[in-house]
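User: I've got this one open and want to chat through a few spots. Can you walk me through them?

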Amino acid sequence: MKESFIQIERLHYSYAQNETYLNVLDNITFNVYKGEFISILGPSGCGKTTLLKIIGGLLEDYQGKVTIKEDTPEKARINREFGFVFQNPVLFGWRNVLSNILLPSEIASGSGNLEKKSRIASKKNAKQFIDLVGLKGFEKSYPHQLSGGMKSRAAIARALSYKPNILLMDEPFGNLDEFTRVRMNMELMKLWEKTNSTILFITHSISEAILLSDRIIVLDNRPCKIKEIIEIGIVRPRNLAIQENEKFLSHSRKIKELIGLT
Amino acid sequence: MSRKSVYIKIRKILFLRILFPPVLTLVGVLVIWETICHSFNVPEYLFPAPTIIYYTFFHNINSLLTDTAVTLYEALVGFIIANIVSIITAVGFCHSKILERSLYPYAIAIKSIPVIAIAPLLVLWFGYGIFGKILMSAIISFFPLVVNATVGLKSVDPDAIDLMRSLSASKRQILFKLRFPNALPYIFSALKISSTLSVVGAIVGEMTGAQKGIGFVILTSTYNIDTPLLFSAIIAASIGGILFFGLIVIIEQYVNNKYGFKNSSKEV
């Protein structure tokens, strides 16, 4: 029996704009199981980010039911269940890589700076994740000295550093060139296998979604509702060669049809 | 070529290309000035020759130093007061919408008014002492600072705020770990403007009524038609202002190096 991590039932979200109500999310219902890799695929501006923010406990005025392991999203956020990775890596320019990755532990320790003992422990922990994402040797570099791919790696290391159960990724590779993105995809897959985390991944790249996911949630535009949830079922470990796979191609065709690209 | 000789060569080129042209300009202007004064017999009270100003300057060096010190002291104290008050005000604006809506428009409006016009009022209220001058330079440096600091504190990347919220950071942590470092380039840009303005404020304050300071020397030497002394006072005031400005630039560079800012100074 698979353990359900995130449960979303009849989720609605709307806000007032220019005297009319804008329906952003309409009757969204789905479950995420422990250790699953789920992609949310849909056209730009359809409310994917809003959905992720609600799940992550950053937006509260929604209707419907969202449970994260029997808690509300806000409570889960305070318990540090989520690691966020945004499209923009949001590294602080005045902090080097190591100190950017130490930010979550500094914040958790309260208002001040870390005590010496916990500082050493956090540094050791941060360095471990810097190695894991392949940024060894760049601990002292500042964000403006890093390439786009390296910035994404640092942002992922920061999110992983406090060992959250769920990673919420909002088009994390959207700003990268095709080559770097494919490489980051493969590395993310390895990281996910190593860390046993549950990943919710927003993207508008069909091939990226099929390559990475166990299931893909295809969303419709304005208001955003679920068109279909597709079970991918391609065996793991996967590599780039699966893109030639018959299953891959038929999924790709189907998704294109759903979105209306054919 | 060894590394050392390359280094020396680079220094030579730097000296020739960067330092040499402005120095040459200065020497040229001084020579022409001196020649005109001598060949046309320009009266000293109207336009003294550089050599005469040089002589007067060093003849009065002690009193000039004291007066410059007084002015710089007033400017510095006023500047520091303006800093503290403006940053507290900016933090207030950043956290309270009502406070911002009711006061910020006036801060912008007053920023573009010549506050110097209120100098006589300050003499009326606080007399000829040093306090009125400190207040004058505080007022004149306050507005650029408060406007820049507010913009700097507020212009944070919304994603960065989301990141801090996702880590459940408190308002205080968001202020100290995100907003302040983000505002630093804006604040430094205002500090550079305000450092020179604060000297202007102090001098204007002294010119409206004082017993000492560079503004006082400027005023008395004008009354006495002691133009060489007037020029000396102007030079002393300029050197003081440049030193103050330079101090801020040095602190800025230090902060930039320490915190890895690539290029700072954001204008508003």
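User: Is Leu14(B) buried, partly exposed or exposed?
Analyst: Leu14(B) is partly exposed, at 45% relative accessible area (buried is under 20%, exposed over 50%, partly exposed in between, with a 1.4 Å probe and protein chains only). This is a predicted model, where local features need pLDDT of at least 70 and side-chain atom pairs 80 or more, while totals for chains, interfaces and linings use all residues. Residues count from 1 along each chain as written, chains are lettered from A and ligands numbered from 1 in written order, and side-chain values use heavy atoms, without hydrogens or water.

User: Switching to chain A, which peptide bond is cis?
Analyst: The one from Arg236(A) to Pro237(A), with omega near -5 degrees. Pro237(A) sits in the loop that runs between strand S9 (226–231) and helix H8 (246–259) of chain A.

User: What's up with phi at Asn196(A)?
Analyst: Asn196(A) isn't a glycine, yet its phi is positive, about 55 degrees. For context, most residues other than glycine have a negative phi, and most peptide bonds are trans. You'll find Asn196(A) in the loop between helix H6 (178–195) and strand S7 (198–203) of chain A, and it is exposed, with 58% relative accessible area.

User: And what about phi at Ser168(B)?
Analyst: Ser168(B), not a glycine either, has a positive phi of about 55 degrees. Ser168(B) belongs to the loop joining helix H7 (158–166) and helix H8 (171–208) of chain B. With a relative accessible area of 26%, Ser168(B) is partly exposed.

User: OK, Leu76(B): where does that one sit?
Analyst: In helix H3 of chain B, residues 61–95. Leu76(B) is partly exposed, at 36% relative accessible area.

User: How far is the C-alpha of Leu76(B) from that of Ser195(B)?
Analyst: 8.1 Å, although Leu76(B) and Ser195(B) are 119 residues apart along the chain.

User: Last topic: how many cavities of 30 Å³ or more turn up?
Analyst: One, from a search of the whole structure (a cavity is a set of points on a 1 Å grid over the protein atoms alone where a 1.4 Å probe fits but cannot get out; lining residues have an atom within 4 Å of a point). The largest cavity has a volume of about 30 Å³, the space filled by probe spheres set on points joined across faces, edges and corners.

User: Which residues line the largest cavity?
Analyst: Ala119(B), Leu122(B), Val123(B), Gly127(B), Gly132(B), Lys133(B), Met136(B) and Gly205(B). Helix H5 (119–126) and helix H6 (130–154) of chain B are the elements giving two or more residues to that lining.

Key. 1 Å grid on protein atoms, 1.4 Å probe; cavity = no way out; pocket = protein on both sides within 12 Å on 5 of 7 lines; lining within 4 Å. Helix = DSSP H or I, 4+ residues; strand = E, 2+ residues; numbered from the N terminus.
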